[in-house]
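Have the model open beside you and let us walk through it together. We will look at strand pairing and then at a pocket.

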Amino acid sequence: MSLDPRALRARSLYDAASFAREDESDDRDFYATDRFVPHLDRQALATVERIIGTLVVEPAPAILDLMAGWDSHLPASLAPARVVGLGLNENELAQNPRLDQRVIHDLNRDPRLPFPDRSFAVVVNTVSVDYLTRPFEVFAEVGRVLEPGGLFLVLFSNRMFKRKAVRVWRETSEQERPLVVEDFFAGAGAFEAPRSFVSMGLPRPADDRYAELGIPSDPIWAIYAERRGGDAARPPRPAIEPEPVPGPSAELVAERKTALRRTLRCPYCEEPFARLEVPATPFNEWPGEVVYACLNDRCPYLVAGWAVMSAQGTPGFSYRLLYDPDRDACLAVPAPSVAALRTAVAAPRG
């Protein structure tokens, strides 16, 4: 296959060591163990279904679930002509009710897909791209088996079997991993420019075992692209809308802001502000000697910010609300994670 310069540049960023693993034992042995457990929390699973349901617009498409397990995460509203699951665990594939065909195949041993050219309208890969040791070959094969204009959707979170994840995945941040997947798309030489969507910071269901700990729902990243050669006159795929975040009205927020100097409570969630320790440096960029911030991980201001920042080209970031009492003004401070600013909390005054 002759690759264009963009594909060659993407591939040149990686070498064999990039895809080394802590455990290089036979994948067929590792995945022979049945794992009939959810790999994401229910909120994240609902997000995955919503993304698939939004992007798959083809009527009665043939779908390939790549590296499939016991759940293909296809929404009930989707009515495909057929669904083929390719994976390594025979029992899990047998229990997947959405599959019409089941194929046992190790992509790390042989990245070639055992299907004819242009066999599918949609290929979906869910929470398993981090285990591919030959991703460029696999992505190129996906391009081969897709129809022109067909969709390849890659979904992932921040969970992994660390011993089987490739080095480039283990050693990059959550913000960098979407760029790695975009390189896989570019290196395949078969796709239009990929698009992305991220869902982060949403609260877990109330009955989730981690809900009381304040741990947010598992983040979901979606990187997707169409195979080149599609009908240019066809309407573009719908945009994935962020989940609505319940919160107070703009009028109520404005009213609460007028009392901030007295209440020192976040106008979006009404949680008490935390006083921050302002670093004493000649290069201080903080607004004053005393500042406050909302550190509530469920605050609508923070939760909605993940989608806003992603839409503005900075996926993986949100912002927290900062209050400057000297100016009686609110500011936004970037938050690359829910842990941001926590180390700056001032010790209680005694």
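Strands β8 and β9 run antiparallel and are joined by four bridges. Within this pair, L276 has V291 of β9 as its bridge partner. Here, two strands count as paired if DSSP finds at least two bridges between them, and helices (H or I, at least four residues) and strands (E, at least two) are DSSP runs numbered from the N terminus.

A word on the source: this is a predicted model, in which local features need pLDDT of at least 70 and side-chain atom pairs count only at pLDDT 80 or more, while totals for chains, interfaces and linings use all residues. Residues are numbered from 1 along each chain as its sequence is written, and side-chain values use heavy atoms, with hydrogens and water left out.

The pair belongs to an open sheet of four strands, ordered β8-β9-β10-β11 with antiparallel pairing. β8 (274–277) and β11 (329–335) stand at the edges with a single partner strand each, so one side of each has no neighbour in the sheet. On average, neighbouring strands of this sheet are turned by 40° against each other, direction ignored. Y292 stands opposite Y323 in β10. Helix α10 (residues 300–311) packs on the sheet and touches β10 and β11 (contact means heavy atoms within 4.5 Å). The direction of α10 makes about 130° with that of β10; axes are lines fitted to C-alpha atoms, for helices over the stretch in contact, and angles run from 0 to 180 degrees between N-to-C directions.

Here are some of the strand pairs side by side.

| Pair | Sense | Bridges |
|---|---|---|
| β9 (residues 290–293) and β10 (residues 318–324) | antiparallel | two bridges |
| β1 and β2 | parallel | five bridges |
| β2 and β3 (residues 101–104) | parallel | four bridges |

In β2, V84 stands opposite L64, and V84 also stands opposite Q101 in β3.

Now to the pocket. A pocket is an open set of points on a 1 Å grid over the protein atoms alone, with protein on both sides within 12 Å along at least five of seven lines; lining residues have an atom within 4 Å of a point. About 750 Å³ of space lies in the largest pocket, a volume being the space filled by probe spheres set on the points. Of its 35 lining residues, Y31, H39, M67, V127 and S128 are the closest to the centre. β1 (62–66) and β2 (82–87) each supply at least two residues of this lining.

Terms used. On a 1 Å grid over the protein atoms alone, a cavity is a set of points where a 1.4 Å probe fits but cannot get out, and a pocket is an open set with protein on both sides within 12 Å along at least five of seven lines; lining residues have an atom within 4 Å of a point.
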